[in-house]
Amino acid sequence: MATPKEFMTLFKKHKAEMMDLKFVDLLGTWQHCSFPIDVVDEDTFVNGVGFDGSSIRGWQGIHMSDMLAIPDASTGCLDPFFSKPTISVIANIVDPVTRERYSRDPRWVAAKAEAYLKKTGVADTAYIGPEPEFFIFDEVRFEQSQHKGMYQIDSVEGAWNSARFEEPNLGYKPGFKGGYFPVSPTDTFADLRGEMVYEMRKVGIVVEAHHHEVATAGQSEIDMRFEQLSKMGDQMMWYKYICKNVAKRHGKTVTFMPKPIFQDNGSGMHTHFSLWKGGKNLFFGKGYAGLSDLGLHAIGGILRHAPAILAFAAPTVNSYRRLVPGFEAPVNLCMSARNRSASVRIPMYSNSPKAKRLEFRCPDPSCNPYLTFSAIMMAALDGIKHKTDPGEPLERDIYEMTREELKDTPKTPGSLEEAIAALEKDHDFLLQGGVFTPDLIEAWIAWKKEKELDEMHLRPHPYEFHLYYDS
């Protein structure tokens, strides 16, 4: 754990004269403000710096807008994207009057989740290993006004560009659902992804692999090695920041929007999860797929609370364009070994006790990672507490099963509206140990209803003109 004094030595080491302070808003986007070294000292790590909390999405009202951001010295590192050496640090948010951590700071939720885990005595460590997918586009255009609504994306890899005049068009375009995973020249982004990986390694992220994903138009995946819950939240923020900025360096744009392309696979964030105690993996055992009873009960809790979890883990209207049958997105709430069409998969690459884990396949990378990882863990703990039965595994290709065969299998919400309704009814498991607070949950629900769902309901969709203009 770095001390403020050790943090200050980073400036000398890198000959930096600027600190960039970052913190995450309620919805999961980094905000930042930069400070010359002249105004930064060890006292900054005690008293913090002030900012306007009313200007941050989902946070304070204008009458209580003053907030403090206190840098976490342990997160300091050289930022890769400033023209002059700049030290980045992630901040925690504090109320300036009470000096208490702010209930709507997602990083605080993750810290409380880890503390609660230890307090239960069930485990001392939650490991998270997300697999975020994203698209690399050459251009995106969108507009919404009173008389116009449109979007248009383009990619040199787009299957729709196979006949485009490119002087010359060389024909290497991954087809729809044809991007997993050819070598170059069809995969044109190997070097770009590699550059993203190099930048991630510089800030301390351990990367296991990178590759092209299933969809056309530059869908990609970079896999990080599993980490403790809070630290993985920080790494996910760096991950997005690095992917977007490396792409911009090369005149490209990256999106973590779950479903930007019609009739092709969307971008998920399959999330691997396990609980450990005293260096021992508690999910390893002699039950189904090599799981312990505790591991099976954890799955039971996740499946039981999945609709409410998805209010955080698949948090956008667009998320439910991805969570539909036929595009490798799981919509049936069941478990299975190896089977990627189940909502919870038990990977079977290795029978090693250290490798035993579950993979929750419903989340997508538009989420706030701190809230999502915490919600998954809290659901697992609830399942362990109540010894929740995960149900019988489904070993068949679920996508090939009929509706009649699946009529008794619970489904994921069909829309963000349904997920928010599920969270309204089912959130007591999140409140245990004060990890999530009613204040945060109420703010999340209000934002999603007023700023997203209500706004979407007001606007006609372009396809409605195709369906109804001549009615």
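Select aspartate 382 and show what surrounds it: leaving out residues up to four places away in sequence, aspartate 382 touches Arg304, His305, Thr388 and Phe429, where contact means heavy atoms within 4.5 Å. This residue is found in helix α8 (residues 369-386); helices (H or I, at least four residues) and strands (E, at least two) are DSSP runs, numbered from the N terminus. Aspartate 382 is buried, with a relative accessible area of 11%, on a scale in which buried means under 20% relative accessible area, exposed over 50%, and partly exposed in between (1.4 Å probe, protein chains only). With side chains displayed, a polar contact of 2.7 Å can be followed from aspartate 382 to the side chain of histidine 305; a polar contact is a pair of N or O atoms within 3.5 Å, and within protein one must be able to donate a hydrogen and the other to accept it, while residues adjacent in sequence count only if both atoms are side-chain atoms.

What is on screen is a predicted model, in which local features need pLDDT of at least 70 and side-chain atom pairs count only at pLDDT 80 or more, whereas totals for chains, interfaces and linings use all residues. Residues are numbered from 1 along each chain as its sequence is written, and side-chain values use heavy atoms, with hydrogens and water left out.

Next, select glutamate 359, which lies in strand β18 (residues 358-360). Is glutamate 359 buried or exposed? At 1% relative accessibility, glutamate 359 counts as buried. Its side chain makes a polar contact of 2.4 Å with the side chain of arginine 345, and another, of 3.0 Å, joins the side chains of glutamate 359 and arginine 361. Apart from neighbours within four places in sequence, the residues in contact with glutamate 359 are Glu131, His270, Thr271, His272, Ser343, Val344, Arg345 and Pro347.

The side chain of serine 230 makes a polar contact with that of glutamate 114, at 2.7 Å. Setting aside its neighbours within four places in sequence, serine 230 is in contact with Ala110, Ala111, Glu114 and Tyr370. For a sense of scale, a C-alpha to C-alpha distance drawn from serine 230 to methionine 8 comes to 23 Å, across 222 residues of sequence.

Two packed helices are described by the angle between their axes and the distance between the axes. Helix α3 (residues 106-120) and helix α5 (residues 229-249) pack at about 155 degrees with their axes 8 Å apart; axes are lines fitted to C-alpha atoms, for helices over the stretch in contact, and angles run from 0 to 180 degrees between N-to-C directions. The pair α3 and α5 is therefore roughly antiparallel, given that angles under 35 degrees count as roughly parallel, over 145 as roughly antiparallel, 65 to 115 as roughly perpendicular and the rest as oblique. In this packing Arg107, Ala110, Ala111 and Glu114 of α3 meet Leu229, Ser230 and Asp234 of α5.

On the α9 side the contact is made by Leu416, Glu417, Ile420, Leu423 and Glu424, and on the α11 side by Ile441, Trp444, Ile445, Lys448, Lys449, Glu452, Leu453 and His457.

The remaining stops concern the backbone. Where is proline 168 found? Proline 168 is in the loop between β9 (149-154) and α4 (190-202), and a cis peptide bond joins glutamate 167 to it, with omega about -5 degrees. Proline 185 also has its place in the loop between β9 and α4, and the peptide bond from serine 184 to proline 185 is cis, with omega near 10 degrees.

Finally, select alanine 217, in the loop between β10 (207-212) and β11 (219-224), where phi is near 65 degrees, a positive value in a residue other than glycine. Alanine 217 is buried, with a relative accessible area of 0%. Glutamine 263, in the loop between β13 (253-255) and β14 (269-277), has a positive phi of about 65 degrees although it is not a glycine, and glutamine 263 is exposed, with a relative accessible area of 51%.
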